[in-house]
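Hi everyone, thanks for making the time. Let me put a structure up on the screen, and then I'll walk you through it.

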Amino acid sequence: SNDVSADLAHVLYTKDQIQDKIAEMAAAIDKDYEGRDILVVGVLKGAVMVMADLSRALHSHVTMDWMAVSSYGSGTTSSGVVRILKDLDTDLMGKHVLIVEDIIDSGLTLSWLKSNLESRGPASVEICTLLRKPEAAKVEIDVKYVGFDCPNEFVVGYGLDFAEKYRNLDFIGTLAPHVYN
Ligand code: PRP
Ligand code: MN
Ligand code: MG
């Protein structure tokens, strides 16, 4: 069978649970940024689904930009040193920047990215992530908006991939062992 559902062990967050959480986060963001324009920065590629749904749930004035980054040393452990594959088109001077992510795993990507964007003269930089794995954290990051704290398992769907697959699922699940073994 070519059905992706056969590759999943179980569903962690359904489409409805994700959409409810996004609406909740959007309401909190609108409240916090009242009267201010927001520059939302999506981190390619995982954040595309959260960006698409969160931005449409916001009532604030929003502009959208994108970055693509990659950890140095394409192997085993992440070094925390990040290479910019695609930089922002926007000048951050004086802007209220909200970085949008699908997941914080070790935290190394966002830790580097937050400092990098803070060095560009923005009025503020905050982080919004749909998922966070508390047990996998290697660095402390101040994250203002977190959707779900999730188990330290291989999660896919709603932007999250395994070997570039499963990003298109509208729910989030754990991968069945036969797929990665
Ligand atoms: C994943 C995820 C986050 C990052 C989190 O991206 O989308 O961006 O890893 O990991 P960390 O907290 O340990 O740094 P990935 O590098 O797989 O690229 P992708 O978004 O294109 O899948
Ligand atoms: Mn990513
Ligand atoms: Mg990935």
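Helices here are DSSP runs of H or I with at least four residues, strands are runs of E with at least two, and both are numbered from the N terminus. Two bridges join E8 to strand E9, residues 172-175, and the two run antiparallel. For strands to count as paired, DSSP has to find at least two bridges between them.

A word on the source: this is a predicted model, where local features need pLDDT of at least 70, side-chain atom pairs count only at pLDDT 80 or more, and totals for chains, interfaces and linings use all residues. Residues are numbered from 1 along each chain as its sequence is written, while chains are lettered from A and ligands numbered from 1 in the order in which they are written.

E8 and E9 belong to an open, antiparallel sheet of three strands in the order E1-E9-E8. Strand E1 (8-13) and strand E8 (155-156) are at the edges with a single partner strand each, so one side of each has no neighbour in the sheet.

The loop between E8 and E9 holds Tyr 158, and also Ala 163. Tyr 158 has a positive phi of about 50 degrees although it is not a glycine, and phi of Ala 163 is near 50 degrees, again positive in a residue other than glycine. For context, most residues other than glycine have a negative phi. Buried or exposed, what is Tyr 158? Tyr 158 is buried, because 26 other C-beta atoms lie within 10 Å. Ala 163 counts as exposed, with 8 C-beta neighbours inside 10 Å. The rule, using C-beta atoms placed from the backbone, is buried at 20 or more others within 10 Å, exposed at 12 or fewer, and partly exposed in between.

Now the other sheet. Six strands form an open sheet with mixed pairing, in the order E4-E3-E2-E5-E6-E7. Its edges are strand E4 (82-86) and strand E7 (145-149), each with a single partner strand, so one side of each is left without a neighbour in the sheet. Within this sheet, E2 (residues 38-44) and E3 (residues 62-71) pair in the parallel sense over seven bridges. One pair to look for is Val 43 with its bridge partner in E3, Met 67.

Helix H3, residues 108-118, packs on this sheet and touches E3, E4, E5 and E6. Contact here means C-beta atoms, placed from the backbone, within 7 Å. The direction of H3 makes about 170 degrees with that of E5; axes are lines fitted to C-alpha atoms, for helices over the stretch in contact, and angles run from 0 to 180 degrees between N-to-C directions. Buried residues in H3 include Leu 108, Leu 110 and Trp 112.

Finally, the ligand. Which residues come nearest to ligand 1? Of the 15 around it, they are Lys 45, Gly 46, Asp 105, Ser 106 and Thr 109, where near means a C-beta atom, placed from the backbone, within 6 Å. E5 gives the most to this shell, with four residues. Have a look at Lys 45 too: the peptide bond from Leu 44 to Lys 45 is cis, with omega near 0 degrees. Lys 45 sits in the loop between E2 and helix H2 (48-57).

How values were computed
Contact = placed C-beta atoms within 7 Å.
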